[in-house]
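Here is a quick tour of one protein model, written for someone who likes the cut-offs spelled out. Have a look at the structure, then read on.

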Amino acid sequence: VDMAGLLSYFMGQKDGGSKTHSSLEYFYEGISTSLFHVARSWSAPVVMLIRELPTGSSAEKCDVEIYELTEADIESDTVSFYNPHRKAPILILPDGKTLTEVGAIFNYLLLKYDKKYSLHPDPEDMDAYLVYQELFHYALSTLSPLISTNIVARAIEAAEAGPRAGHKEAVERAIDEWQQIVGPKLELFLSKYNGNWMLGEKISPIDILLALPLVQAMEFGLLSDFPTLQEYVKLITRLPSYREAFEGVKAETREFKTAGLEEVLTEAAVKWMVEQKQGTR
């Protein structure tokens, strides 16, 4: 099935059609909320968050299905249809709405499944919530670009079998910023709240968001002068949710679905077309 063409048709974008949005909603009916994930990418923190969401009797059950994307999936037109950047995460909701930005997905999942604020601060506690928001955006807007600069510059150096001045300067600036600003700032937060985690005695979305950039920073030796941060990273990497999201070590009852994005959507498309033919739509 040509998924991109089929979806375009449903949305009235092909052959001048005038399909209604209700057709698209019927198409998606029966699909649970689905996350499409690539290990050790920015979709991994989303998997961690899903696994750390509250599961008690008073909590709304998180019904997100997780599917691992292959390299072939990432290069497919289907993935491009949902995210032209061809990268994970891709979160598809039952009504067809799609989220592809980590921060937006975190906010959606927390609003829907952490309504009692067991994992993140209640906005009514403005002081705690502002600290949370500052660190939330710090992880995504400052740390992520810093580590990306380091990775890209080093990759270019390796490909060219030797550093250019511009690449070397970029790496040196990134290293300096980690050592002079990032490391001290994060260690200050850990000491300020007298706990193992950034916001105190229990894990929060901040710790989950910091997992990827800090593990990469540790691999590059950027945390060598920060023993507290090194211990903090070790604490994160021992979490079952981290091992599942980043290393593919899955709990027996939490196997990832093996179907790719196209297979899942093709199944929904076939169901939609059969019901159209039978007149049940």
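This is a predicted model: local features need pLDDT of at least 70, side-chain atom pairs count only at pLDDT 80 or more; totals for chains, interfaces and linings use all residues.

## Helix 11 and what covers it

The cover over the buried residues of helix 11 includes strand 1 (34-37), helix 3 (44-52), helix 9 and helix 10 (227-237). Helices here are DSSP runs of H or I with at least four residues, strands are runs of E with at least two, and both are numbered from the N terminus. Helix 11 itself spans residues 240-247, and its buried residues are Ser-241, Tyr-242, Glu-244, Ala-245 and Phe-246. Buried means under 20% relative accessible area, exposed means over 50%, and partly exposed is in between, using a 1.4 Å probe and protein chains only.

Residues are numbered from 1 along each chain as its sequence is written, and side-chain values use heavy atoms, with hydrogens and water left out.

## The chain overall

The protein chain has twelve helices and four strands. Of its 281 residues, 44% are buried. Take the contacts with a separation of 6 or more: 68% of them are between residues 24 or more positions apart. Contact means heavy atoms within 4.5 Å.

## Salt bridges

How many salt bridges does a search of the whole structure find? The search turns up three, a salt bridge being a side-chain nitrogen of Lys or Arg within 4 Å of a carboxyl oxygen of Asp or Glu. One of them joins the side chains of Arg-51 and Glu-244, at 2.9 Å from N to O. That pair links distant parts of the chain, with Arg-51 in helix 3 and Glu-244 in helix 11, 193 residues apart. Arg-51 counts as buried because its relative accessibility is 17%, and Glu-244 is buried with a relative accessible area of 2%.

Glu-134 pairs with Lys-185, their closest N and O atoms being 3.8 Å apart. Here too the pair links distant parts of the chain: Glu-134 is in helix 7, Lys-185 is in helix 8 (residues 165-192), and they are 51 residues apart. Glu-134 is partly exposed at 44% relative accessibility, as is Lys-185 at 24%. Then there's Lys-234 with Glu-231, at 3.4 Å between the closest N and O atoms. Both lie in helix 10, three residues apart, about one turn of the helix.

Asp-207 lies in helix 9 (residues 205-219). Asp-207 is buried but has no salt bridge, and the nearest side chain of opposite charge, Lys-202, is 10 Å away. For charges, Lys and Arg count as positive and Asp and Glu as negative, while His and the chain ends are not counted.

What lies 2.9 Å from a polar atom of the side chain of Asp-207? That would be the backbone nitrogen of Met-198. Not counting residues up to four places away in sequence, Asp-207 touches Trp-197, Met-198, Lys-202, Tyr-232 and Ile-236.

## The loop between helices 6 and 7

His-120 sits in the loop between helix 6 and helix 7, and counts as buried because its relative accessibility is 9%. The side chains of His-120 and Asp-114 are joined by a polar contact of 2.6 Å. A polar contact is a pair of N or O atoms within 3.5 Å; within protein, one must be able to donate a hydrogen and the other to accept it, and residues adjacent in sequence count only if both atoms are side-chain atoms.

Tyr-117 lies in the loop between helix 6 and helix 7, and has a positive phi of about 60 degrees although it is not a glycine. Pro-123 is found in that loop as well. Leaving aside neighbours within four places in sequence, Pro-123 is in contact with Tyr-117 and Tyr-129.

The peptide bond from Ala-88 to Pro-89 is cis, with omega near 10 degrees. Pro-89 is in the loop between helix 5 (77-82) and strand 3 (90-92). Arg-86 is in the loop between helix 5 and strand 3, with a positive phi near 55 degrees in a residue other than glycine.
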